[in-house]
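Have a look at the sequence and the 3D view, then follow the questions.

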Amino acid sequence: MSTIELQHLTKAFGDLIAVDNVSLKVEENEVLCLLGPSGCGKTTTLRMVAGLEVATSGDIFIGNKNVNNLETRDRNLAMAFQFYALYPSLTVAENLANPLFAENLSSEEVKKKILEVADILQLRDIVNRKPHQLAEGEKQRVAVGRAIIRDPECFLFDEPLSRLDVQLREQMRGQIKEVLSDLKKATVIVTHDQLEALTMATKIAVMRDGLIEQVSSPHDIFAKPNNTFVAGFIGTPQMNILDCNIIEINSSIIKLKILEQEVQIDFITPLNVNKNDSYFIGIRPRSFELVDNNASDNFSGKVDLIENMGSEILVHIKINEFTFRSVQSRSKNLNVGDIINLKPKKGQVHIFNKNGEVIRNE
Amino acid sequence: MKKYEKKAIGQSGWLWTSLASFVAFIYFFPVLFIILTAFRSRSDTLATPPKWFFTPTFENFYHIFFRSMANSTEYVATGFHMYFFNSIYISGMSVLLALLIGTLAAYGFSRHPLKGNDTYLFIILTTRMLPPIIVIVPIFLIFRITGLAGTYTGIILMYTAFNLPFSIWMMKSFFDELNTEIEDASRMDGASESSVFFGVCIPQVKAGLAATSVFALILTWNEFLFSLLLTNKLTRTMPPAMARTIGGEINVDYGLLAAMICLFIIPIFLITYLLQNQLLRGVTFGTIKK
């Protein structure tokens with residue numbers, strides 16, 4: 001059974017706690033993305049799974065077997081590294097063959113496997129080249145190839161696409177996803193790129209300062225963030241998170257005071273909130289509708305700045321010295337200085353308490 | 001049309017090239033003078049002003065190995081070939097040992113740092129801050145008591161210790177520059193710690209090994225003081241042997257000395273020449289983007 005399970009995993013470097021009591025489970029055929037800003041402990045977590053780093057406390061199970069005291073080479077894992085880690089003096093074929101040495105295969109079998117992997121990753125033409133003669137994308141494919149050539153229990157990827165340019169990254173994302181879905185193993189991918197996580201993962205774990213903030217499916221992590229950190233971290237452009245005060249509660253319809261404006265928002269279901277308390281409200285830039293008239297259910301503000309994003313524009317709206325952002329279609333013909341009215345889309349407004357935790361009535 | 005006088009960046013004209021050549025010539029002149037002296041006959045050597053055109057002779061080179069002693073006219077072997085061998089053997093062995101121990105230690109310091117790693121490294125470096133003359137008396141006594149004085153083992157160990165701090169520091173900087181991901185990758189591929197070291201790290205620091213061994217070799221090859229005090233008639237190396245040839249006599253045989261120097265610089269010149277590509281890579285290591 002190809003599974004990875006972490007129980008209360010902690011890693012301290014002196015006083016610094018890099019990974020704090022992390023518990024996770026990756027099932028067979030599941031791709032878990034560890035997502036977070038740099039220095040949040042995601043790579044350290046991965047390295048502990050690989051056995052390259054020794055955990056301070058906690059347990060690691062691979063295929064339901066406790067591997068705490070096993071050496072890296074005995075854990076039966078494969079890993080692709082951020083900087084590819086190709087042996088500079090060996091050719092692509094020799095690099096691919098390296099993981100097979102421990103398996104005592106005949107040279108024909110090794111050759112067969114190399115060609116198999118070379119076919120999957122389109123490396124056929126470059127098997128005799130050395131790493132320094134390869135383009136960045138080719139190096140990356142060789143690194144993936146070296147990971148998948150064996151039949152290990154699980155796969156680990158450390159920032160696999162971070163060194164590629166945007167176009168290549170898009171292409172490789174699809175390719176890796178395809179390869180991974182064919183392998184049907186538990187896979188952990190570490191990344192700081194949310195797009196990478198949202199597209200490749202079946203499950204995302206968002207990390208901050210060594211703690212797991214939320215583990216959910218890619219859709220849920222975007223649509224139902226558990227706290228302001230996840231809400232702000234996932235999604236581009238970033239979610240608008242504003243202070244608000246509750247003025248009036250009428251079942252699911254709540255009247256809020258936001259940026260000195262009173263706005264009435266329908267939350268669909270009643271929420272467990274108190275009148276006159278302050279909260280955070282989160283609205284994504286794409287969750288606004290442009291409306292003609294200023295009404296009780298919309299914001300009104302002055303266009304301060306317009307950023308071009310191709311087919312869309314990012315509008316900075318200024319209300320009483322505060323700025324928030326909204327994405328609108330180019331066809332709306334907005335100009336700096338216009339007064340516009342924006343209505344939050346129904347069901348796309350998030351409300352958080354002052355500790356940053358979401359308030360949700362399911 | 002006005003001639004375009006400004007030169008492209010990165011180009012130097014003949015003026016600078018000839019100026020640089022002139023400075024280089026000043027540096028090289030003493031060596032040239034010694035080489036010429038080695039081929040002069042005794043009377044030409046002492047001529048003032050120096051004779052620039054003379055009939056070359058190999059007399060001096062012959063006299064290194066066979067010479068008439070005292071008042072006798074008979075030519076006897078001087079045993080100089082033995083000193084030559086001693087120099088090669090002793091510096092070769094001690095450089096090898098220092099390289100072996102130094103590389104292992106450097107790998108340890110780089111990959112498995114001790115608590116207070118930097119302090120250890122600094123202490124190692126401090127051993128090279130003092131001039132050797134300060135420690136020569138205690139070392140001489142230790143060698144006398146332990147019976148190491150005058151033996152190959154003694155002087156080889158001495159030079160190994162002498163070369164170690166430098167080897168450790170130099171090799172550590174090479175190991176520090178390596179991408180540790182490659183080592184991790186080979187661990188994932190099933191390599192043991194020893195095959196990570198020998199199979200992955202060592203091949204990547206070849207340039208470092210070359211550079212370290214050449215620098216250590218030059219230091220050892222030219223070392224005079226320890227050899228003078230810690231070797232005997234049979235284990236003596238070239239520098240004190242040469243000093244004995246010129247010292248003590250009223251008339252120094254400059255021709256003979258020059259010939260010895262010529263022989264003395266050949267091995268080190270050859271090795272440096274052969275390893276120059278590696279040396280350049282070694283010296284510029286880390287300055288180029290990986």
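Q: How many residues of chain A are in contact with how many residues of chain B?
A: This is a predicted model, where local features need pLDDT of at least 70, side-chain atom pairs count only at pLDDT 80 or more, and totals for chains, interfaces and linings use all residues. Residues are numbered from 1 along each chain as its sequence is written, while chains are lettered from A and ligands numbered from 1 in the order in which they are written. Two residues are in contact if their C-beta atoms, placed from the backbone, lie within 7 Å. On that rule, the count is 16 residues of chain A with 12 residues of chain B.

Q: Which strand gives the most to the side of chain A that touches chain B?
A: The residues on this side of chain A divide into 12 nonpolar, three polar and one charged. Here Ala, Val, Leu, Ile, Met, Phe, Trp, Tyr, Cys and Pro count as nonpolar, Asp, Glu, Lys and Arg as charged, and the others, Gly among them, as polar. Strands (E, at least two residues) and helices (H or I, at least four) are DSSP runs, numbered from the N terminus. With three residues, the one that gives the most is strand S6 (residues 77-80) of chain A.

Q: Is A:Asn355 buried or exposed?
A: You'll find A:Asn355 in the segment after strand S20 (349-352) of chain A. A residue is buried if 20 or more other C-beta atoms, placed from the backbone, lie within 10 Å of its own, exposed if 12 or fewer, and partly exposed in between. A:Asn355 has 8 C-beta neighbours inside 10 Å, so it counts as exposed.

Q: What share of the residues in chain A is buried?
A: The secondary structure of chain A comes to eight helices and 20 strands, and its C-alpha trace spans about 75 × 45 × 35 Å along its principal axes. Of the 362 residues in chain A, the buried share is 39%.

Q: Which helices of chain B do the buried residues of H12(B) pack against?
A: Helix H12 covers residues 238-246 of chain B, and its buried residues include B:Met238, B:Pro240 and B:Ala241. B:Met242 and B:Thr245 of H12(B) are buried too. Their packing partners in chain B are helix H4 (80-111), helix H11 (225-230) and helix H13 (254-274).

Q: Why is H12(B) described as roughly antiparallel to H13(B)?
A: Axes are lines fitted to C-alpha atoms, for helices over the stretch in contact, and angles run from 0 to 180 degrees between N-to-C directions. Angles under 35 degrees count as roughly parallel, over 145 as roughly antiparallel, 65 to 115 as roughly perpendicular and the rest as oblique. H12(B) and H13(B) have their axes 10 Å apart, at an angle of about 170°. That makes the pair roughly antiparallel.

Q: What are H8(B) and H9(B) to each other: parallel, antiparallel or oblique?
A: Helix H8 (residues 180-188) and helix H9 (residues 193-204) of chain B pack at about 135°, with axes 10 Å apart. H8(B) and H9(B) are therefore oblique.

Q: Which element of chain B has the lowest mean pLDDT?
A: pLDDT is the predictor's confidence in each residue, from 0 to 100. Chain B averages 86, and 91% of its residues score at least 70. Among its elements, H4(B) has the highest mean (94), and the lowest (73) belongs to helix H14 (residues 276-283).
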